[in-house]
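Please go through the interface between the two chains shown here, one question at a time.

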Protein chains: 2
Amino acid sequence: MSKSIEVKAADNIRILAASMVEKAKSGHPGGAMGGADFVHILYSEFLNYDPSDMNWANRDRFFLDPGHMSPMLYSVLALGGFYSMEDLANFRQWGSVTPGHPEVDVARGVENTSGPLGQGHVMAVGAAIAERFLVARFGEWMAHKTYAFISDGGVQEEISQGAGRIAGFLGLNNLIMFYDSNDIQLSTETDAVSLEDTAKKYEAWNWKVITIEGNDVGQIRTALKEANAETERPTLIIGKTIMGKGALTADGSNFERKCATHGMPLGEAGASFEKTIANLGGNPENPFVIFDDVKELYEKRKAELIKAAAAKKAAQGEWAAANPELAAKLVKFFAKEAPAFDFSKVEQKANTATRAASSTVLAAFADEIENMIVSSADLSNSDKTDGFLKKTTAFTKGDFSGSFFQAGVSELTMAAIMNGMALHGGVIPVCGTFFVFSDYMKPALRLSALMELPVKFVWTHDAFRVGEDGPTHQPVEQEAQIRLMEKLKNHKGHNSTLVLRPADANEATVAWKMALENTSTPSALILSRQNIKNLPVEGDAYQAALQAEKGAYVVIKPEGTPDVVLLASGSEVATLVAGAELLSERDGLKVQVVSVPSEGVFRAQTKDYQDSVLPLGIPRFGMTAGLPVTLEGLVGENGKVWGLESFGFSAPYTVLDNKLGFNGENVYKQVKQMLA
Amino acid sequence: MSKSIEVKAADNIRILAASMVEKAKSGHPGGAMGGADFVHILYSEFLNYDPSDMNWANRDRFFLDPGHMSPMLYSVLALGGFYSMEDLANFRQWGSVTPGHPEVDVARGVENTSGPLGQGHVMAVGAAIAERFLVARFGEWMAHKTYAFISDGGVQEEISQGAGRIAGFLGLNNLIMFYDSNDIQLSTETDAVSLEDTAKKYEAWNWKVITIEGNDVGQIRTALKEANAETERPTLIIGKTIMGKGALTADGSNFERKCATHGMPLGEAGASFEKTIANLGGNPENPFVIFDDVKELYEKRKAELIKAAAAKKAAQGEWAAANPELAAKLVKFFAKEAPAFDFSKVEQKANTATRAASSTVLAAFADEIENMIVSSADLSNSDKTDGFLKKTTAFTKGDFSGSFFQAGVSELTMAAIMNGMALHGGVIPVCGTFFVFSDYMKPALRLSALMELPVKFVWTHDAFRVGEDGPTHQPVEQEAQIRLMEKLKNHKGHNSTLVLRPADANEATVAWKMALENTSTPSALILSRQNIKNLPVEGDAYQAALQAEKGAYVVIKPEGTPDVVLLASGSEVATLVAGAELLSERDGLKVQVVSVPSEGVFRAQTKDYQDSVLPLGIPRFGMTAGLPVTLEGLVGENGKVWGLESFGFSAPYTVLDNKLGFNGENVYKQVKQMLA
């Protein structure tokens, strides 16, 4: 029986994927070989995009979850002309465009960075939400599908529960996920760790589930058609696939369905690379080849896609001509620049918590920034994202006219969904929860930073001053932890994350300004639960707070050379101000007080500026409600940091302030001791 | 109709819980009032423990997941006599035994610290596994049940998926979970974020599911009986409860099922505290009272429990007399001391990866430490926990004769399960995965550290030297991040976590010695993927490596005063040794090389010792494959750190070593520049 062109194309992907891994001497061939049939049918018959304009906003998206299956993705994109055979041969090498796990590269068709299992398909949920949000504002003409590809590992990862619940709850009929179910994972067969009925689980979440033979191109096609026709629910296509499909040993016996082919070259795993390639119709001596008829098929598809996209763009042009205001808004939504917003007009109540100040800013955003989506993990009335919510409505199934996303109690899922929204484009994602739960979100923040996505993280209840909720809810090491992401550079050489802990309500306004204007990395706002006395300023408080844009600045400047410099971020600055008053009143000391909302931004200022804020040779005293190390880099060896060295305690925060030495009297005492 | 004693007891719990929150002026009354009926029936009719010996190893365990429902737990335990009315009145106050979220306190009946939703019930899964493990070795006579209590938030948390899958997979018929399903969460009603069919989801995981009216004591009793009789599966009892049950407003109208009662005192939420207490049969003026007949009921139960426990203990005594060897082993399992183990006999291959060295140690443990349970999140053949696995078998349904736990791809769940095993006692839990995934586990490590549990975390693939897998798999900021847990002190004043990054195979043996002997906090081992050249030592390599027990020590000591001190941890020490050779050969420099597996342990040594390792006034050069800040505290302002400031790259690690300057030549160059 002669091979169908579909099977030949899938075999071509299998040959390329196996060869990439074999040549790199590392990587994951088995899964890629099993998923080849699905991606071939998807790319050659279903996925709508514009090969001549890969950034086209209305393209279908394809999110790969198991990043280790990159050889499959690179190979199908190579059939489409986006990678050369040389690119594939350079898989996993220094400077190549084919790193071991895919890194977002829209021009070549890679929509997301993946690797840590589970996050990839959650980004697809985020993209699908963004699409529904935009369609609700501009019309169904711009609708597109979002496809996700998930593996056994992704289904097992905790995060897939959040995605499953949310996509079902929101009835994301624009989301189609293929589950490459090959019953084999890295170290065991899947039935050694799970006997779940995955179809039933997703049905419990309100998904349409279709189960097929995942290497049967006919069944794949039928399932994709059915999924595309679904109008109420997201679709999960469970494809039972064969890991290492086509693999043979040296003596020609079958070597499919082996754990060993998960994560090493076929030869190393016990198969014969040569026999396998020959079995799949390739030339083991020269495997990096696209078969002529496969090339022809993809070229034909390419022409069709360009034509179809051109037709859609023409329709868009007509729509734009008929709807000039909406069209201008759409352009603005997708612009890379931050939206214009006059922060000087934000009126902050004096002496309020920075979470409340953030709420005020968010309420103002709700009036003007129409493409902002704000989310909370069931804490909107505590993290004060409800300032925004009060002016809009939350998403529900079929209704994306509002701009708030209730994520439920699933912090990591929320963060990964934000990443997906940002990847989709057209929207500005913001999410809030308690700062201590930044622990849960770190894996998604890391990917956000790696992908350089302008997601805004709002973290409130920022210190032991949470009070009665006690040590499980009191961040101590978290500020130092998140500031590691400020120290870590991205591949452009920038601080990979902008981390801001404002000292009062006005600084909170400025922190939001910095976060909104930062379109090249994630931003984090670390905010207080409790009220904070405003910093003493002369003149306009907002103008004074604008100095925060330099990362650190002088809040109180004494006449002449200071005797001591006090520095902190967040609510500890106000405590230092109280201490400075005592030092000045009682002992006539000249005290400079410095607020440092972002050490990372401050380090990027000129040396002259840095020296003016922290003059050399003057003793420094730092105060932090976190670990002392949070400030030690700024205070230096000849200064002293008053911090919290242990887990917190359950008690009213004013009691804790006094028990733990976070008041003006203790600042006075500690500074006097230091200077003595 | 007169109130039944069951309802009266539940109302008593409601009164106490609401009063605690009202008096503290903060807290969560609504959920506690809804769950009161269940905990009353559980504690008064089902939970087996010994009120005269709360640490009794064979007691049933009760794990609370929603820690904010602590008023319910404290109140039912107060009925049992474990808290005084004064304790309840001091809820959430400094120094009280009733912190806002429960902190493990077995003597008073609090089995786990909770607060971050989801983790509590996963600890129950860990305890249930530990019980099955012990029963497999000592007999069904010591079997007991493990109960968990979960809320809407816990069901939504991603981690509950891992627990659901694993408990079902292992057929934990000893696990009974009550889901307090009150349809209301912190900021919305539950149907604003979820429409999942929770029963169906748990059935998909192979749980028995019983749905009842959760405030109907008869239905609760029947469900608990049925769950206790179940022999194949864990049981989920979905109790539809009424948030804020009994709450009234000032005009006497119903104030049940209100979001507002989730997280604030009734009075503040819009109810009337006085009317509510009166409605429940209490005296608003003096609500901290246990009704006489309720007291009588609990005293009667107490006597029954003591008698039943005594009978079981007598049976245990007979068993022990008949099985003296097993009995001695059981005592050893539950001893607080580390098991004796002769590490000097562990033979390490020279120049091997520290993950391989760890595997060698684990294989030796498998022969001798019979109560160790080793786990991996689907990476046993990469993280090399398979050294242990090869000598045993993995748990499966009905077979806990082996000692390995395949957790599947769910790192956070695995870590929380380890915490539960440690809380149960009798076993030594160890878990492995890639170091970059420590990001996922941090929330559970934090609770492990707060609860002072001796869990061992094995994290391999510790740096960019992971190589081809690229930036998503290469830890950079993770060492500095985890070492924050070394800096953070627990409430005993100790480093809350022991963090060890050994420099070669022999140090890996010593690191395992330190981890095994550390029974008071979690321990973390950070291990290399790639081979590392052994450190140069004279005499016995293990004896030399024992110096690592001081946290840092001199590996190469020059004659006389050194010109420079080079320091690092992990595989960078061998790179420094290579650099030191060049500095010495080419320039005759006197170079001291220091290995620092644990800065935290080193800081606890005498000043004299610290000064001998890092002599004052001698320039220091540090090298770290992580962020420079990882070593900056040790190197100080007058030294220099060569680190990695950005995300990693996909390429063979030897290529990366050279591109990123991690070789002897660059050490030579950088040190020369520093000294110039």
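What follows is a short exchange on that interface and on one annotated span.

The model is predicted: local features need pLDDT of at least 70, side-chain atom pairs count only at pLDDT 80 or more, and totals for chains, interfaces and linings use all residues. Residues are numbered from 1 along each chain as its sequence is written, chains are lettered from A and ligands numbered from 1 in the order in which they are written, and side-chain values use heavy atoms, with hydrogens and water left out.

Reader: How much area is buried between chain A and chain B?
Author: Buried area is the accessible area (1.4 Å probe) that two parts lose on being put together, summed over both. Carbon and sulfur atoms give 59% of the area between chain A and chain B, and the total is about 8,500 Å².

Reader: Which residues of chain A lose the most area to chain B?
Author: Three residues together account for 10% of what the chain A side buries. They are Trp94(A), Glu158(A) and Phe647(A).

Reader: Which residue of chain A forms a salt bridge with Asp439(B)?
Author: A salt bridge is a side-chain nitrogen of Lys or Arg within 4 Å of a carboxyl oxygen of Asp or Glu. The rule finds ten across this interface. In the one with Asp439(B), the closest N and O atoms are 3.0 Å apart, and the partner is Lys442(A).

Reader: Which element gives the largest share of the side of chain A that touches chain B?
Author: Helices here are DSSP runs (H or I, at least four residues), numbered from the N terminus. Those giving two or more residues to this side include H7 (159-169) and H17 (411-424) of chain A. The largest share, eight residues, comes from H18(A).
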